[in-house]
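Welcome to this short briefing. Please take a look at the entry below, and then we can walk through how its parts meet.

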Amino acid sequence: MAHTLPALPYGLDALEPHISRQTLEFHYGKHHAAYVTNLNNLVAGSELEGKSLEETILAVAGDGAKAGVFNNAAQVWNHSFYWQSIKPAGGGQPTGALADKITADFGSFEKFVEAFKAAGATQFGSGWAWLVLDNGTLKVTKTANADLPLAHGQKALLTMDVWEHAYYLDYQNRRPDYISTFLDKLVNWDFVAANLAAA
Ligand code: MN3
């Protein structure tokens, strides 16, 4: 079965004023959609056709000759995960088992915020900031371009896209303002908690 563009979990204007309809029209409607189209074109007729997205990513990770497949497959996965990582009226602080785990592994929620903001701000060029589960411990990481925790044996719990296309129409060069808004107004802690519970 061909890879498909998953439905956005909210309307195109649902994240305003923090992320505009125009940004989602391009980011979801053009960029994410193009990764799906590119991936289907690249695997058509190959042994990768019909494999799941995760199987595809793991099959080509680290294979320089298949970098195009990896980049497009990973970007399909990353964006689908990103749309679920945010929601209208999100932000604030997690509760329950997730809050306890963050305190246990980072020292405090504030220490997590500090690490996550630093990861997003210091990712040079295009990439992603993550909260991952690595051998049972929560960690903040960053990856370049399309790279993702799955390729490093880690379980992704939360991601933030820091490619310029994620924020430039709304924040121009002010990536730190986008990062602060992501944490204060958008992050979907229910999604993160569900990922942790399923890990
Ligand atoms: Mn993006």
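How much area do domain 1 and domain 2 bury between them, and what percentage of it is on carbon and sulfur atoms? In this predicted model, the two domains bury about 1,900 Å² between them, and carbon and sulfur atoms carry 68% of that area. Here is how the picture builds up.

**Layout of the chain**
- Domain 1 covers residues 21-85, while domain 2 covers 96-198.
- Taken over C-alpha atoms, the centres of domain 1 and domain 2 are 20 Å apart.
- Domain 1 brings 21 residues to the contact, and domain 2 brings 26.

**Where the area goes**
- A general note first: the accessible area lost when parts come together is often used to give the size of an interface.
- On the domain 1 side, the residues that lose the most area to domain 2 are F81, Y82 and S85.
- Together, F81, Y82 and S85 make up 31% of what the domain 1 side buries.

**The domain 1 side, element by element**
- Helix 1 (21-43), helix 2 (53-60) and helix 3 (67-85) are the elements that each give two or more residues to the side touching domain 2.
- Helix 3 supplies the largest share of that side, with eleven residues.

Definitions and conventions: Residues numbered from 1 in each chain as written. Predicted model: local features only at pLDDT ≥ 70, side-chain atom pairs only at ≥ 80, totals over all residues. Heavy atoms only, no water. Domains from an automatic or database assignment. Contact = heavy atoms within 4.5 Å. Buried area = accessible area lost by both parts, 1.4 Å probe. Helix = DSSP H or I, 4+ residues; strand = E, 2+ residues; numbered from the N terminus.
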